[in-house]
Amino acid sequence: MAIVSLREAINQAIDEEMARDERVFLMGEEVASYQGAYKVSQGLLQKWGPMRILDTPIAEAGFAGLGVGAAMVGLRPIVEFMTWNFSLVAYDQIVNNAAKMLSMSGGNFHVPIVFRGPGGAAHGLGATHSQALESIYAHIPGLKVVMPSTCKDAKGLLKTSIRDDNPIVFIESEVMYGDKGEIPDGEYTIPLGVGEVKKTGSDVTIVSWSKILAYVVWKAVDALQEELNISIEVIDPRTIKPMDYDLIVESVKKTNRLVIVEEGWPFAGVGAQISHEVSSRAFDYLDAPVERVTQEDVPLPYAHELEVRSLPSVDKIRAAVKKVLYRD
Amino acid sequence: MATKVLMPKLSDTMEEGVILKWLRKEGEKVKQGEILVEIESDKADMELEAYDSGILRKIVVPEGGKAPIGGLIAVIGEAEEDVASLLTGGSTPSEGKGATKSTAAQTEVKSLPAAAVPQPTGGKTKASPLARRLAGDHQVDLSRVHGSGPRGRIIKRDLEVLLSGKSAQRVSSSALIVPGTAEDLDLSPIRKTIAKRMAESKATAPHFYVTIEIDMDPARTFREQINTVTELKLSFTDIIIKATAAALMKHPQVNGSFLGDKMRQHHYAHIGVAVAMEEGLVTPVLRNCEQKRFDQINAELSDLADRARSRKLKPEEYTGATFTISNLGMFGIDTFAAIVNPPEGAILATGTIVEKPVVKAGQIVIGHTMKATLSSDHRIIDGAVAARFLQDFKMILENPASLVL
Amino acid sequence: MKTAAATVPTKQSTSRLLGLSRDTLMNWYDDMLLVRRFEEKCAQLYGMGRIMGFCHLYNGQEAVSTGAIKAAITADDYVITAYRDHGPAISKGVDPRKILAELLGKYTGTTKGKGGSMHIFDREKNFLGGHAIVGGHIPIAAGVGFAIKYRREKKLCLCFLGDGATNIGAFHEGLNLVGLWRLPVIYIIENNKYGMGTAVERASAVDELHKKALAYNIRSEVVDGMDVLEVYKKVKAAADRAKETYEPALLEIETYRFRGHSMSDPVHGHYRSKEEVEKRKQSDPILLFADTLKEEGMATDQDFEDAEKRIKKIVEECVEFTENSPEPPIEELWKDVYFERNGA
């Protein structure tokens, strides 16, 4: 096992896959000579040259579409969005071209492309730079959506994503890039569509992913287990689509209570989807309705107190957990 | 020749019976002497044999139905015979409601957790899906469960509390108390009998009560000795029965009955021992206790008590007592006053054996005492008579070695 | 395709005919005629309710697809276009029977009946569709060019777009990338003067569309799209440069559509006068080409009659094939959503 930072883990994944398959290349804003806006692609230009590590102009629709075209004729592009907020400019290319090409062409052309970059709020970046957009990508048939919460998961999942023949939305978090974690030595991959029970428990199940899991849920788990004298089971789905419902249902059958904690907005969010699936598949095992902790249904403001109040917090998780335990 | 099958009198106090089970179907052959039907009396479940052979042409009172003593319950005849005329005779049977099952249960009010939330009136009961499933698995009627969740929702812990209390006793599904409401339950034959007799007793026999405290250390030692040295496993009740019998021989006035113009005094002790059942109380009788050895009393008492609880006593086994003993010591009761069982003259109520400081030879030591209360019918027993009986009872019990003579 | 009957002496090709052989030229003629007759059949079938949704016909623009695709590039080269794709697909060699089957939603269509008129694809023929979002395919073309350069191949990507598409963001971003990275992409603007119902000058700040290429450092020129030989000449030159030196190009090919924007759009009366349309029809590219061939002594009226018969037969084969084809089974609904390596 080695200790690396998240950016190093991602860097290794890209580097290893580029070595393994010459069709893999990386493009995005500042990924080459700037060494990456968040230093994720540091060192790669020097190693692989400007034909495989490409700085693009600020033209998300352009270079996302270019990636799709290259993938259609056999290359395996990694397209970096500096943040997923900017992907909205390329939403047409991702949804109407990448996601649908296989279906629309009746199987003629598939699109093995990975769109990756950081998503979600950082600190005081304002409404257009802080969005957690996984649900609007998970909504589209033909796309897969992956969101790791640890260094180990990030590297393993990114390698698998690059090898996958479908268009993949891979969402990281810039505030986590410096966080250290253990990764296994040598070659390893983690399959898509398989979640992980990050902590076993018996009284309530919490499902969460990405930054909110790493930064907020674990804190809440420590506090609440002590305060309420309960044992919490934590599930990290790791892949948002396809979602590992079986793992969650198995847990709910044991604990009878589910709280979903996510950074996205509530309306038609990923938590709403999980909630429906669980109530459908595990109806007779629920002792309380599924609770969600989400961002408030507002654009994220700049002022610090407002930003904090809008995002998921330990207090909000406490209230939700107590509610499903009927201890509120 | 067609014959009527009538409800028999199966106990001296029985007034009506409940059909438990027909052992033949309509149209089936019946042979004289075969068991035809099982009937519940006020005391026990009885089997009735067929007095005639033939075809069971008509079952007039079905299983669960009731009929008074002498009422028509069935007709036996030849296959082609016209039996219509027989069906009009006999008392009209009353449709029962499965009397064995819907009984007044000995209910315990459970203390429920959380704030009392008013039950939703009308409409479907609110319960979490999990609670619903648990209720289904355990055959619990949700409409009778208190919900502690929001807006009266029944949740898992409400079922858990209920089910853990349930296992403490065999409880029928109607035994779920909802605070603030009442429920009406049918009276079983036993309950009816107890009600009638006890009311009668209290109304007619002028009761008075005398209590005495008994040092039980000697009895404890005695019991230990016998249980260690012999194969026997004596209970305190066994010893109390023998002591009572011995005392009764010395005080026949307490062993009697008021007969209106006479009073009877028995020179034998048929002692009834009160046994609690789910549905009520029954008193199996140990006959001639004054002659029986400890081991005989021990075995008989065991057997009678078991069969009393499973309602398999024969009438001669619960009638004919000259005196009754009732014990509530197993519930921690130290004193109580029982009601005399007519036509007996008295009843002895014993309490629990208490470990407490006592004075022996001028010193305070740890001792074990038990209180016994004699309820007497003042028409034939006076205070001094009762007191002297108890004095002797105490002396015998405090000197158990005397019982082996 | 069969050659014309040998009742006419084969003449030496002229410079006007660019030294091309009779066979080649008659193949081009057949190609243009096939597109025309095919589109006419589509119009008929659409009117009968057999083709649903949108149907954008190529009538009048045949010289562009024949001259650029059939003539100027090879089978290895890639072609991508917007939704007026029947002509380009036929010129690229996609089986016209499968195209018609696709239009009628049959399982034997190019896209298993799941694409329809606007989504004709054929991997084998390097025909990359068939796209319905205006300008959405322009960056894809850049990507194809990128892949060619990445693999150091000697190929190009021909990307067709309409005059209206020059105003959308993807045009700017796609062409900028192509010009910046020097990708072997030739953008062909089929300027038929109208973006649906809006004339070019009402939509574009600069209506000499080829000038927009200046912003991207891409070489451009204007081409007469009614003259198949002209189209061929210009596209071929650009194609050679693209393959040799990875130099991109933009060709503004002036053409005209004789029918409405789509089958739901009137031929005239709404935004084009009847007179205008009639006048334009005088410059029918097929007739113009036939005249040129006759003038240069390469073919006679008989040849063209024979061609007519030939093409008619092909179109009838298309119809028969389509009518005898089944619709896609229901299970197809869930296929081709995600790609699994071993099929499905």
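Helices here are DSSP runs of H or I with at least four residues, strands are DSSP runs of E with at least two, and both are numbered from the N terminus. With that in hand, let's start at one residue: B:Ser375 sits in strand β19 of chain B, which covers residues 363–377.

Before going on, a word on what we're looking at. This is a predicted model, where local features need pLDDT of at least 70, side-chain atom pairs count only at pLDDT 80 or more, and totals for chains, interfaces and linings use all residues. Residues are numbered from 1 along each chain as its sequence is written, chains are lettered from A and ligands numbered from 1 in the order in which they are written, and side-chain values use heavy atoms, with hydrogens and water left out.

Okay, back to our serine. Is B:Ser375 buried or exposed? B:Ser375 counts as buried, because its relative accessibility is 0%. The cut-offs, using a 1.4 Å probe and protein chains only, are under 20% relative accessible area for buried, over 50% for exposed, and partly exposed in between.

So who are its neighbours? Contact means heavy atoms within 4.5 Å. Leaving out residues up to four places away in sequence, B:Ser375 touches B:His207, B:Phe208 and B:Tyr209, then B:Ala337, B:Ala338 and B:Val340, and also B:Gly345, B:Ala346 and B:Ile347. B:Thr211 is 164 residues away along the chain, yet its C-alpha atom is 8.9 Å from that of B:Ser375. The serine side chain also reaches the backbone oxygen of B:Ala338, at 2.7 Å.

Let's zoom out to chain B. It has eight helices and 19 strands, and 44% of its 405 residues count as buried. Take the contacts in chain B with a separation of 6 or more: 63% of them join residues 24 or more positions apart.

One helix there is worth a stop: α8 of chain B, residues 383–398. What span should its 16 residues give at 1.5 Å a residue? They should span 22 Å, and the end C-alpha atoms are 22 Å apart, so the two agree. The expected span is 1.5 Å times one less than the number of residues. Buried residues in α8(B) include B:Val385, B:Phe389, B:Phe393 and B:Leu397. The buried residues of this helix pack against β9 (207–215), α5 (217–229), α6 (236–250), β16 (323–327), β17 (346–350) and β19 of chain B.

Just after α3(A), A:Gly74 takes a positive phi of about 115°.

Now for the places where chains meet. The size of an interface is often given as the accessible area lost when the parts come together. That buried area uses a 1.4 Å probe and is summed over both parts.

Between chain B and chain A, 11 residues on the B side are in contact with 11 on the A side. The area buried there is about 850 Å², and carbon and sulfur atoms give 53% of it. On the B side, B:Pro129, B:Leu130 and B:Arg133 lose the most area to chain A, together 51% of what that side buries.

Finally, chain C. It has 11 helices and seven strands, and buried residues make up 56% of its 344 residues. Its contact with chain A takes 36 residues from chain C and 50 residues from chain A. Together they bury about 3,500 Å², with 65% of it on carbon and sulfur atoms. Across this interface, too, the rule finds zero salt bridges. On the side of chain C that touches chain A, α5 (138–150) and α6 (169–181) each supply at least two residues, and α5(C) gives the most, with nine.

Key
Buried area = accessible area lost by both parts, 1.4 Å probe. Salt bridge = Lys/Arg side-chain N within 4 Å of Asp/Glu carboxyl O. Polar contact = N/O pair within 3.5 Å; in protein donor to acceptor, adjacent residues only side chain to side chain.
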